[in-house]
Amino acid sequence: QVQLVESGGGWVQAGGSLRLSCTASGSIFSFNVMGWYRQAPGKQRDLVAMVNSGGSTNYADSVKGRFTCSRDNAKNTVYLQMNSLEPEDTGVYYCHARTIVGNYWGQGTQVTVSS
């Protein structure tokens, strides 16, 4: 019954910005950690950013200083503000959330950055 729904993906030129949103629902347990992973064709899915319920964040080295991950606990929504986008940021971005009883994934949203 847990569902994660992402929005905000799309196409942007290098140097531009996008904001991704993900809203989680259907759990009686708190989403203590929420975050974002991305996967390029033929490559593994890697962590981009995550944030816990207290607002503490962690980022992949490749996005530090450019991306900001935040959350609204009342709405069970996590955001990823992506600035200064590079072609290497292209991929499918997946929302991820964890509770004390499970791990959950969104359907993914495509982000394409052209050079």
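**Salt bridges, pocket and surface**

Me: How many salt bridges does the rule give?
Reply: This is a predicted model. A pair counts when a side-chain nitrogen of Lys or Arg is within 4 Å of a carboxyl oxygen of Asp or Glu. By that rule, the count of salt bridges is 4.

Me: Which residue forms a salt bridge with Arg38?
Reply: Look for a carboxyl oxygen within 4 Å of the side-chain nitrogen. Here the closest N and O atoms are 2.9 Å apart. The partner of Arg38 is Asp89.

Me: How many residues apart are Arg38 and Asp89?
Reply: Arg38 sits in strand 4, and Asp89 in the loop between strand 8 (77–82) and strand 9 (91–98). The pair links distant parts of the chain. The separation is 51 residues.

Me: Are Arg38 and Asp89 buried or exposed?
Reply: The cut-off for buried is under 20% relative accessible area. Arg38 and Asp89 both fall in that class. They are buried.

Me: Where does Arg66, which meets Asp89 in a salt bridge, lie?
Reply: The side chains of Asp89 and Arg66 come to 2.8 Å, N to O. This pair also links distant parts of the chain, 23 residues apart. Arg66 and Asp89 are both buried. Arg66 lies in the loop between strand 6 (57–59) and strand 7 (67–72).

Me: Which residues are linked in a network of salt bridges?
Reply: Asp89 pairs with Arg38. Asp89 also pairs with Arg66. The network takes in Glu86 as well. Its members are Arg38, Arg66, Glu86 and Asp89.

Me: Is Asp61 buried or exposed?
Reply: Asp61 meets Lys64 in a salt bridge at 3.0 Å, N to O. Exposed requires over 50% relative accessible area. Because its relative accessibility is 64%, Asp61 counts as exposed.

Me: What is the volume of the largest pocket?
Reply: A probe the size of a water molecule, rolled over the atoms, shows where empty space is left. For the largest pocket, the volume is about 220 Å³.

Me: Which strand supplies the largest share of the lining of the largest pocket?
Reply: The lining has 13 residues, with Arg38, Ala40, Lys43, Asp46 and Glu88 nearest the centre. Strand 4 and strand 5 (46–52) each supply at least two residues. The largest share is 3 residues, and it comes from strand 5.

Me: How many charged residues are in the lining of the largest pocket?
Reply: Asp, Glu, Lys and Arg count as charged. The lining also holds 5 nonpolar and 4 polar residues. The number of charged residues is 4.

Me: What is the accessible area of the nonpolar patch on the surface?
Reply: Its members are Ile28, Phe29, Ile100 and Val101. Phe29 lies in the loop between strand 3 (18–25) and strand 4 (33–39). Phe29 counts as partly exposed because its relative accessibility is 37%. Together, the four residues have about 480 Å².

Me: In which loop is Asn76, with its positive phi?
Reply: Asn76 is not a glycine, yet its phi is about 50°. Asn76 counts as partly exposed because its relative accessibility is 26%. Its place is in the loop between strand 7 and strand 8.

Me: What is the phi of Ser84?
Reply: Ser84 is found in the loop between strand 8 and strand 9. Ser84 counts as partly exposed because its relative accessibility is 41%. Its phi is positive, in a residue other than glycine, and near 50°.

Note on methods
Residues numbered from 1 in each chain as written. Predicted model: local features only at pLDDT ≥ 70, side-chain atom pairs only at ≥ 80, totals over all residues. Heavy atoms only, no water. Patch = residues over 30% accessible without salt bridge, like charges linked within 9 Å, V, L, I, M, F, W, Y side chains within 5 Å. Areas by Shrake-Rupley, 256 points an atom, 1.4 Å probe, with all protein chains shown as cover. Helix = DSSP H or I, 4+ residues; strand = E, 2+ residues; numbered from the N terminus. Buried < 20%, exposed > 50% of the residue type's maximum accessible area, 1.4 Å probe, protein only. 1 Å grid on protein atoms, 1.4 Å probe; cavity = no way out; pocket = protein on both sides within 12 Å on 5 of 7 lines; lining within 4 Å. Points joined across faces, edges and corners; volume = space filled by probe spheres on them.
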